There are 2 protein chains.
Amino acid sequence: MFTSDYLRELSDKAITSLTFSPEADKLFAPVRYILSLGGKRLRPVMCLMSCNLFSDKIDEALMPAVGIEVFHNFTLVHDDIMDKSDLRRGSPAVHSRWGLNQALLSGDVMAFIATDCIGQAPAKVLAKTLKLFNTTATEVCIGQQIDIDFEKKKFVTEAEYLRMIELKTAVLVAASLKTGAIIGGASEKDQELLYEFGRLLGIAFQIQDDLLDTYGDTRMFGKKTGGDIAANKKTYLLVKALEVAGGERLRTLRKLIESSPADEEAKVTAVKAIFDELEIRLQAENLAYDYINKAFQSLEQVSVKPDRKSELKQMTVNLIGRVK
Amino acid sequence: MFTSDYLRELSDKAITSLTFSPEADKLFAPVRYILSLGGKRLRPVMCLMSCNLFSDKIDEALMPAVGIEVFHNFTLVHDDIMDKSDLRRGSPAVHSRWGLNQALLSGDVMAFIATDCIGQAPAKVLAKTLKLFNTTATEVCIGQQIDIDFEKKKFVTEAEYLRMIELKTAVLVAASLKTGAIIGGASEKDQELLYEFGRLLGIAFQIQDDLLDTYGDTRMFGKKTGGDIAANKKTYLLVKALEVAGGERLRTLRKLIESSPADEEAKVTAVKAIFDELEIRLQAENLAYDYINKAFQSLEQVSVKPDRKSELKQMTVNLIGRVK
């Protein structure tokens, strides 16, 4: 079995080795830039690990894994335009550095670089791999649409929120795992179990990200906490709080999130106080752990020997519980 | 042989029949809108005609043909953002009607709808069809990049201009024809001959479009002529004029295109007068006809009986000579 460290290196190398036409350096410089900002390479590593459950020929899954990572970065470039986010992983966002038009066009070309990588899946599973990719990419766009629409909605239910993060975040993790399983030669049933593992895990990760933004250790988290609260972002925490709060507390919370005070820290403190009164943190943590437990139950059922699953399990365990 | 009218209807029907997730109407409304604005459906019809040269099973090429049309419309949605064009085919551009963010995201999802259509090519030619599509899509992005970069360049050579339109416009026409040929079961040689036919034709069409904007019959052309001159757009005519003009005439032309006078019509008239002195129109027409002749020479060599080529020839003849 290959370790997650090795697979991350392998993914990084393959990403760095992507070559682009020399005819338009301006087009590809932002592509190289966003791909060089790093990140955990969670998706390609998950794809390769999933392939490795069934096969040692992980090279067959390498370019599709890279394609998924390129697609993920494509969404970051365009989402940062839509969200007017100036920073990405602590560096200037592509549109901040090169302007909107360049971010739009360099993002566009990444969609086809991604698909070209997916197109390098083995011939006998190409149609299925490509179909999964296109379906997933479309779902991610739908998720982003729902997220944008949330901004204008006064009230979002917990179910609506969970569906949004399922589409915007979780299905791509799920598709990464299923892609690896398809290429590794897994049975249909195992492909679906790994998809489900990824889907549940993806939802849990997003809830944890929401928790991190409010309760994370600034030293480990790398940025100031409370950013989501200050920006009135509809996170799981806020959605849940608005759902369970009542009476005077609800009115106070509504007033707080409709305000943009000069003293952001006082606002963050006040909202967090309401979260505490409602035990929102606990509920969010419990929900994330529910999803993680169900994810592991799905992984348990995958019909390969337990020791073949140990790397994937270990990596997952390392990724969770970053809040505590 | 199927007629171009029948194939256009077939393409239109298939485009209208595309179904989208009901979960995000806002995302897909602009997709339906841009696809409903019509146009000649040149690319899908060319794709189907090319397939029909070799096979009567044109249904196998229908979804890939639709995919190429969806891709083409995807580029229109995003190009209109970049070019700040408020109108598309006489109707509001997507970003004018729904805003920039919506045009960006709805455009994005079209890239994956397109690829999903391409993915419905017959299994045995899927890898090749997909590779051609991704390569072409990347080239179209490079063409758009070069076009954007032209705006800031003081001097563009004729060769640079021709390469730009080859990438931005011609390779997609070429790929449409080659896709049909691949799916129709053409030999490698015939696939390349049809690609070349489309590439040369695509360049000729763009030169003719440039001519139309300046010299077109307003009644047939459907919009005011001289728009490119008023906007200082680097068309073939202007590029060529700047290349051959000298001395006082070059200085006058430079001054004109660096100006944004209140009286646009006077400017258009003055620039056209210089074009006339330099016989730019004649040179452009000759060049377009050179490309068309070479295109037909390529089509001649395709190894199917002449009468099978008659529909494709007729359609091409109908498309050219719109200026005269």
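Reader: How do you know that the copies meet through the same surface?

Author: Keep in mind that this is a predicted model. In it, 100% of the interface residues of chain B are also interface residues in chain A, so the two copies use the same surface to meet.

Reader: What makes the two copies related as by a two-fold rotation axis?

Author: Chain B can be laid on chain A by a turn of 180° with a shift of 0.0 Å along the axis, and the RMSD is 0.0 Å. The copies are thus related as by a two-fold rotation axis.

Reader: Which residues count as being in contact between the chains, and how many are there?

Author: A pair is in contact when the C-beta atoms lie within 7 Å. By that test, 34 residues of chain B are in contact with 34 residues of chain A. On the chain B side, helix 2 (25–36), helix 4 (59–82), helix 6 (100–118) and helix 7 (123–152) each supply at least two residues. Helix 7 of chain B gives the largest share, 15 residues. By type, the side of chain B that touches chain A splits into 19 nonpolar, nine polar and six charged residues.

Reader: What makes chain A as compact as a globular protein of its length?

Author: First, the make-up: chain A has 16 helices and two strands. Its radius of gyration is 20 Å, and the globule rule gives 20 Å for 324 residues, so chain A is as compact as a globular protein of that length. The C-alpha trace of chain A spans about 60 × 50 × 35 Å along its principal axes. Of the 324 residues in chain A, 48% count as buried. Among contacts in chain A with a separation of 6 or more, 75% are between residues 24 or more positions apart.

Reader: Which residues have the most contacts inside the largest nonpolar core?

Author: Those are Leu48(A), Ala204(A), Leu48(B) and Ala204(B), in a core of 192 residues. Take Leu48(A): leaving aside neighbours within four places in sequence, its contacts are Leu7(A), Leu10(A), Ile58(A), Ala61(A), Leu62(A), Ala65(A) and Gly180(A). As a general point, nonpolar side chains tend to be buried together in soluble globular proteins.

Reader: Why is Asp86(B) called exposed?

Author: The label needs 12 or fewer other C-beta atoms within 10 Å. Asp86(B) has 11, so it is exposed. Asp86(B) sits in the loop between helix 4 and strand 1 (87–88) of chain B. Not counting residues up to four places away in sequence, Asp86(B) touches Pro92(B), Ala93(B) and Ser96(B). Arg97(B) is 11 residues from Asp86(B) along the chain, and their C-alpha atoms are separated by 8.8 Å.

Reader: What about Lys84(A), buried or exposed, and how do you know?

Author: With 10 other C-beta atoms within 10 Å, Lys84(A) falls under the same cut-off of 12 or fewer, so it is exposed. Lys84(A) is in the loop between helix 4 (59–83) and strand 1 (87–88) of chain A. Its phi is near 55°, a positive value in a residue other than glycine.

Reader: And why is Arg89(A) counted as exposed?

Author: Arg89(A) has 11 C-beta neighbours inside 10 Å, and the limit is 12 or fewer, so Arg89(A) counts as exposed. Arg89(A) lies in the loop between strand 1 and strand 2 (91–92) of chain A. Phi of Arg89(A) is positive too, about 50°, although the residue is not a glycine.

Terms used
Residues numbered from 1 in each chain as written. Chains lettered and ligands numbered in written order. Predicted model: local features only at pLDDT ≥ 70, side-chain atom pairs only at ≥ 80, totals over all residues. Least-squares fit on C-alpha atoms with pLDDT ≥ 70 in both. Helix = DSSP H or I, 4+ residues; strand = E, 2+ residues; numbered from the N terminus. Nonpolar A, V, L, I, M, F, W, Y, C, P; charged D, E, K, R; others polar. Core = buried A, V, L, I, M, F, W, Y, C linked by C-beta atoms within 7 Å. Buried ≥ 20, exposed ≤ 12 C-beta atoms within 10 Å, placed from the backbone. Rg over C-alpha atoms; globule rule 2.2 N^0.38 Å.
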